[in-house]
Each structure stands twice: as C-alpha cells, then as structure tokens.
Amino acid sequence: MNQVTPPDLHTDPTQFSGVDVYVVAGNPISHSKSPTIHKRFAAQSDQKMYYGRLQPALGEFKIAAQAFFAAGGKGMNITVPFKLDAQALADVLTPRAKIAGAVNTLRIEDGKIFGDNTDGAGLVRDLLAQGIQIQGSRILLLGAGGASRGVLGPLLEQSPKEIIIANRSNAKADELVQLFSDLAVSLDVALQALTLGDLEDVVKTTSPFDLIINATAAGLSDVSPISDVAASNIFIPKSFAYDMVYGKATPFMQQALHRGARVSDGLGMLVEQAADAFLIWRGSELADTIDSRAVLAELRNF
Ligand code: ATR
C-alpha cells in the first residue's frame, strides 16, 4: 500500500532551534508552492531558515498567528482566506498594504507585527520580466475583489495610459475607481469602471486592449468571466492576456489564445511576490543573490 505522508500543516517554531522559521498561512494550504519557492531562495542566498505551512481553522487566524509569533516565528505569508485578518492583526501597515486593503506578508520586530502586501509588485515584475510594456498601455482589469484592489496601486504607478476595471456587478468596480481616483489623477492615468456586460459593446470600451488581466475568481471554477462576444472585442494578436490563476490554461486564456493573443498564467506573480517577501525578511541586500526567474523555470519543469 502506498503511504503518503501529509505535509505538516501546523509548523511549530519551537521545534526548530537555532533556525529562523517562516510559514505560509491559508486554508486549505497543503497545495501551496510557497515552501518550495522559499526553500530555493534560501539555498540561492545561503540563508539558514525553515519555511513551512500553517492551516488555521476558519475564524481562528488571529489566535494561530499570535501563537506562531509568540513561539518565535519570524514571518508569515498569508493567502486565501486570511489576507483581511492579517491586515487586522498587524500593528503597523505599509502604505501599499493600506491601499491594497489586504496583507500577504507579516514580520515581527521588537514585538510589533508589521504588515505589507507584495502581490501588486509581484505582478508588475512578472509582466516586465515577460517583456510587457505597461507604461502608456491600455489595461483592462477584470474583477473588483481583493485581488484587483491589491494590484491596482502598483499598476497605476507604472503610468499606463488607461485602466478600465470591469466587474460583474458595477457597484464594486465603482468603489475601486473612487478609492484609487486621487492616485490615478496624480499619475495622469484615466481610470474607469464598467460591467463585464459592457465589454460586448466596442463603443463603450474602445476595445481592444494591450493588457488584459483576469483578477476574478472565475478561473477557479473553470469558467471565463467574459463572453465570446466580449473576447472578440477585447483581444487582438498584439494583446497580452494574464490570468492570476496558475497551473492550468483557463477558459479565459483559451479565449485569448484563440484570437492570437499571448497569454500567461499567474505562476510568475506567485514567485515574484515571494521574492519580495523573502527580501523583506532576510534583507534587501540579498536581492542580487536570488534568481526568481530561475526558480520560476524550475517550478514550470516540475
Ligand atoms: P478575491 O479577494 O480573490 O479577489 P473576491 O473579493 O471574492 O475574491 O472577488 C472575486 C471577484 O471575482 C469579484 O470581482 C467577483 O465578481 P462580483 O463582485 O460580481 O462577485 C468575481 N467573480 C467571481 N466569480 C465570477 C464569475 N464566474 N464571473 C465573473 N466574475 C466573477
């Protein structure tokens, strides 16, 4: 009989004396690639550390995180569904974590818990590494939930010409536009909200777009957030379609491929946000020692 050892879902820092301990916290968490990614960064930069998993029960993130830090844990990445709880737990937030409305990286220093969000920076770095010109481009951002909010600030800072946020229901997209309107004005970026239905109307969207980012949860349930009519308006062969989901060619990516556009899943964003978290914990002077694109290539070959 094949016996599979379950990955440790409750890393206890007291079990690792003399080693700095980090975890990724989420529920579920056994599927997470973060331990593999951070293990590679630690090896590249010769850091003595352990990076494990933590799976708090739903509603128990705060208790589990406090216990982890009280036991000597140094830092934590946070994924679904705890990013808002992590923001609430932090004593101090970086400006980008504040505007993102969520925290994906915690660290402890002198008893204080600091919260940051590296998701948006991770997306931007992955796009740039794939040769995508963001400055001056027209961007369509699909979805107006936490994932969109987390990346809007860093995208705006790249000075695209325009960002259109399209969501199933327009109230949430309107809210995001309100929230980011000052930043957009200060950077001279046109920011506008539409519904996903509006994308079927070329006049409303002045389609096509240079960059289309799927930040909806639709890919997880194997559907595309946009209709085929909308897809025909949005994508042209010079478009780049990016899905934040990773590990599969989603229906959204297939619609884009079908119209000759270039596509990417979100694995590079995962690796790049991890690189930023690693440097926050271990020191930015290690930036030259880690090679995130090599780690990404290794993950793709697994
Ligand atoms: P997250 O924090 O991961 O972004 P969220 O806040 O639940 O998750 O937001 C999910 C986003 O995906 C929302 O924009 C949601 O649209 P609504 O605001 O209209 O709910 C969008 N979404 C989820 N499933 C979708 C689907 N099947 N088609 C289109 N949009 C979808």
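User: How close does a backbone N or O atom of A147 come to an oxygen atom of the ligand?

Analyst: A polar contact is read from a pair of N or O atoms within 3.5 Å. In this predicted model, a backbone N or O atom of A147 is 2.9 Å from a ligand oxygen atom.

User: Which distances do the polar side-chain atoms of R168 and K172 show to an oxygen atom of the ligand?

Analyst: For R168 the distance is 2.9 Å, and for K172 it is 3.0 Å. As for cover, the ligand on its own has 640 Å² of accessible area, and the protein covers 68% of that.

User: How many residues are around the ligand, and which come nearest?

Analyst: There are 15 residues around the ligand; A144, A147, N167, R168 and A217 come nearest. Sorted by class, the shell holds seven nonpolar, six polar and two charged residues.

User: Turning to the strands, does β6 run parallel or antiparallel to β4, and to β5?

Analyst: Strands count as paired if DSSP finds at least two bridges between them. Strand β4 (residues 92-93) and strand β6 (residues 112-116) are joined by two bridges and run parallel. In that pairing, L93 is opposite G115 of β6. Strand β5 (residues 105-109), by contrast, runs antiparallel to β6, with five bridges between them.

User: In the hairpin of β5 and β6, how many residues lie between the strands, and which residue takes a positive phi?

Analyst: Two residues lie between the strands, and D110 has the positive phi, near 50°. E109 has K112 in β6 as its bridge partner.

Conventions
Residues numbered from 1 in each chain as written. Predicted model: local features only at pLDDT ≥ 70, side-chain atom pairs only at ≥ 80, totals over all residues. Heavy atoms only, no water. Near = heavy atom within 4 Å. Polar contact = N/O pair within 3.5 Å; in protein donor to acceptor, adjacent residues only side chain to side chain. Areas by Shrake-Rupley, 256 points an atom, 1.4 Å probe, with all protein chains shown as cover. Nonpolar A, V, L, I, M, F, W, Y, C, P; charged D, E, K, R; others polar. Helix = DSSP H or I, 4+ residues; strand = E, 2+ residues; numbered from the N terminus.
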